[in-house]
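Subject: Structure for you to look at

Dear colleague,

I am handing over the structure below, together with some notes for someone who has not seen it before. Please read the notes with the model open beside them.

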Amino acid sequence: MPQIWDETHKTDQRVIHIEPVTRLEGHAKIDIFLDEKGDVEQTYFQVVELRGFEEFCKGRPAEEMPRIVTRLCGVCPWPHHLASSRVLDTLFAAPPPPTAHKIRELGYCAHMLESHLEHVYALGPAPDFVLGPAADPLKRNVLGVIEAVGLETGSSVIKHRGYAVEIENIIGGKSTHPVFSIPGGVSRPVNQEQIDRIRELADKLVEFTEFTLTVVDDVILSNKEYVDIILNKDLYYHNSYHMGMVDEDGKLAFYGGKMRIMDPNGKIVDNFTENQYLDYVAEHTVPWSYLKFPYLKKVGWKGLTDGVDSGLYRVAPLSRMNVADGMATPKAQAAYDRFFETLGQKPVQYSLSFHWARAIECVYAAERLQQLAHDPEILGKDYRTISTKVAGEGIGIVEAPRGTLFHHYKSDDKGLITDVNLVVASAQNYGAMNLDIRNVAKNLIKGGQISNGILNMVEMGFRSYDPCFSCATHAAIGQMPMELVIHDSTGEEIRRIRR
Amino acid sequence: MASTLILYMGNPIVKNDQVGLIVGSRIASFYSSRAGVDVKQFGGSPLDLVSDIQGYDRLILIDSISTGQRPIGSIKLFAEEDILAGEGDVYLHGMNLSEALKLCRRLQLPFPGELHLIGIEAGVIYEFDESLSAELRDTLPRITPEVRKIIEELIR
């Protein structure tokens with residue numbers, strides 16, 4: 001049985017240290033300020049890494065960018081590679097032929113799948129829900145999950161994720177840092193032998209992703225206490241806008257679609273294409289974090305608050321499902337219908353339901369792999385448009401596993417980069433993570449009473465978004481130290497917890 | 001003869017973090033025709049590592065370390081117990097090396113019986129730059145032979 005709650009204690013220390021916060025990519029910390037009663041007055045989820053990637057890129061040949069950006073971090077190389085490629089399609093005035101788009105999307109579906117599977121089983125919901133938020137922190141990890149679910153399931157996860165990685169290798173040339181996408185298309189076609197193997201793997205992946213949905217059912221949805229936590233509007237819940245990509249039929253898309261924005265009342269308020277993004281998205285800086293807060297330009301920055309008057313919005317699996325009219329594949333559509341039947345009308349605002357939405361996207365990614373692998377055009381030989389001029393500017397958008405990713409470059413007439421801006425998914429969810437962490441901390445920490453489980457539930461406020469702060473801060477570095485710092489009402493640090 | 005996998009890692013656009021890549025690629029040229037020794041660059045998820053190391057008898061990792069307590073360019077060899085205890089740990093995107101290796105064992109995968117990590121002290125590594133610092137670059141001519149000597153002793 002998962003351990004959901006544990007005994008609290010009142011700290012007699014003046015300082016609490018939590019470091020690092022676990023199962024997160026990048027660098028961040030949480031500060032919790034308590035009032036004189038020991039209740040939470042304010043929280044800050046701070047990203048503490050230095051920026052500098054944009055400056056690093058200036059003066060470089062634009063065609064180098066798709067390979068440079070894959071080094072921003074090892075978690076999001078495919079989204080950066082393809083967003084960058086889409087920029088260059090425009091910057092070099094070389095629209096890719098349909099075969100190239102389909103090859104890109106096929107490789108990308110494999111990436112979405114391997115990234116989502118890793119989060120579901122190793123980093124996010126499995127450790128927190130299979131073992132429980134209050135489980136021993138030393139066991140609340142992938143090893144503990146395997147102890148709980150058994151070796152057979154653990155081995156199956158490794159094997160099936162490996163199938164997705166194999167497809168990435170076939171299409172991308174390299175799995176982690178792909179090199180195949182170039183301005184105007186892709187560097188090589190796909191042959192019959194490769195596509196036969198991809199079809200075989202895709203069939204197995206569809207079956208495994210259906211199994212993953214049953215795991216979500218068995219572990220989370222059939223546990224009343226978990227459902228109560230998920231549906232508790234005082235915890236992981238706030239009323240935000242949502243943004244995501246849809247295809248030409250309004251169905252959820254990862255690549256090559258148009259953007260939609262839904263307001264907190266469920267109304268689609270805007271649609272836009274890549275070259276219009278600056279009309280819709282702006283960024284706000286704060287003195288306490290290196291990460292900027294993107295917000296909806298038409299609504300405006302109103303601070304870290306929710307509601308229809310606040311320009312804060314969310315991206316990633318839940319948001320994509322909210323803005324979409326449905327899923328383009330049958331098994332994912334059935335799961336989508338059940339999701340909204342269970343959680344209510346759009347937009348679903350329960351933040352922990354990101355995990356369920358992520359599992360549904362796994363089904364979609366696997367089914368979409370099947371579709372693309374059986375599309376005759378995937379074997380086409382017209383896979384690249386040769387550029388004949390430098391247009392000097394381009395914008396690329398893809399849906400990364402952790403949400404919408406914008407790349408925007410400008411170049412001189414020789415194609416040398418003069419300006420770069422990246423708006424990454426985890427930055428767009430940064431405000432939402434701050435709101436959820438604040439809500440959870442305020443409602444679970446009372447009178448200075450804390451516990452291992454409560455502090456982990458504070459961390460779960462960001463984990464549902466599967467954030468990656470390496471590329472959010474454009475910093476490309478190693479381990480993410482994260483600490484939880486609790487201050488008293490005078491601002492004095494009373495406890496710091498590090499792990 | 002025992003089979004050895006040498007994995008080297010680093011980020012080519014992050015200043016001194018790339019030293020593992022530079023040294024590793026030079027090491028790879030030494031062993032390109034040596035039977036029983038595979039040298040590969042690694043840069044993926046911990047779950048990729050779990051797949052990549054299966055079937056080898058010995059695993060040797062080459063990476064930068066940043067302790068701030070040792071001279072830049074100095075080399076420290078970490079033994080298996082150090083690695084599994086998390087000392088000189090290598091971070092692999094949401095999971096660390098020791099967790100990934102323990103995962104292999106827990107899943108009863110054909111896991112290398114011998115583990116070593118060759119850490120190269122790199123000083124400050126968190127800066128976008130395609131060049132090594134002058135201090136580390138000056139030590140490079142002796143780092144590669146020293147790493148190779150350690151490897152030779154390990155696989156002898």
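Chain B holds 5 helices and 5 strands, where helices (H or I, at least four residues) and strands (E, at least two) are DSSP runs numbered from the N terminus. Read from the N terminus on, the elements of chain B follow the order β-α-β-α-β-β-α-α-β-α. The radius of gyration of chain B, taken over C-alpha atoms, is 15 Å, close to the 15 Å that the globule rule (2.2 Å times the number of residues to the power 0.38) gives for 156 residues, so chain B is as compact as a globular protein of that length. The C-alpha trace of chain B spans about 45 × 35 × 25 Å along its principal axes.

Please bear in mind that this is a predicted model, in which local features need pLDDT of at least 70 and side-chain atom pairs count only at pLDDT 80 or more, while totals for chains, interfaces and linings use all residues. Residues are numbered from 1 along each chain as its sequence is written, and chains are lettered from A and ligands numbered from 1 in the order in which they are written.

In chain B, 5 strands form an open sheet with mixed pairing, in the order β2-β1-β3-β5-β4; two strands count as paired if DSSP finds at least two bridges between them. The edge strands, each pairing on one side only, are β2 (37-41) and β4 (75-78) of chain B, and the twist from one strand to the next averages 20°. Strand β1 (residues 4-8) of chain B runs parallel to β2(B) and is joined to it by 5 bridges, and within this pair Ile6(B) has Val39(B) as its bridge partner in β2(B). Helix α1 (residues 19-30) of chain B packs on the sheet, touching β1, β2, β3 (58-65) and β5 (114-121) of chain B, where contact means C-beta atoms, placed from the backbone, within 7 Å. The direction of α1(B) makes about 140° with that of β3(B), with axes fitted to C-alpha atoms, for helices over the stretch in contact, and angles running from 0 to 180 degrees between N-to-C directions.

Turning to chain A, there are 16 helices and 18 strands, and buried residues (20 or more other C-beta atoms within 10 Å of their own; exposed is 12 or fewer, partly exposed in between; C-beta atoms are placed from the backbone) make up 58% of its 499 residues. Chain A is divided into domain 1 (9-49 + 430-464 + 482-498) and domain 2 (79-395), with bounds that come from an automatic or database domain assignment. The centres of these two domains of chain A, taken over C-alpha atoms, are separated by 29 Å, and 24 residues of domain 1 are in contact with 25 residues of domain 2. On the domain 1 side, α14(A) gives the most, with 9 residues.

Some backbone details in chain A also deserve a look. The peptide bond from Lys346(A) to Pro347(A) is cis, with omega near -10°, and Pro347(A) lies in the loop between α11 (330-343) and α12 (353-373) of chain A. Ala316(A), which is not a glycine, has a positive phi near 100°, and this residue counts as buried because it has 29 C-beta neighbours inside 10 Å.

With best wishes

Terms used. Two residues are in contact if their C-beta atoms, placed from the backbone, lie within 7 Å.
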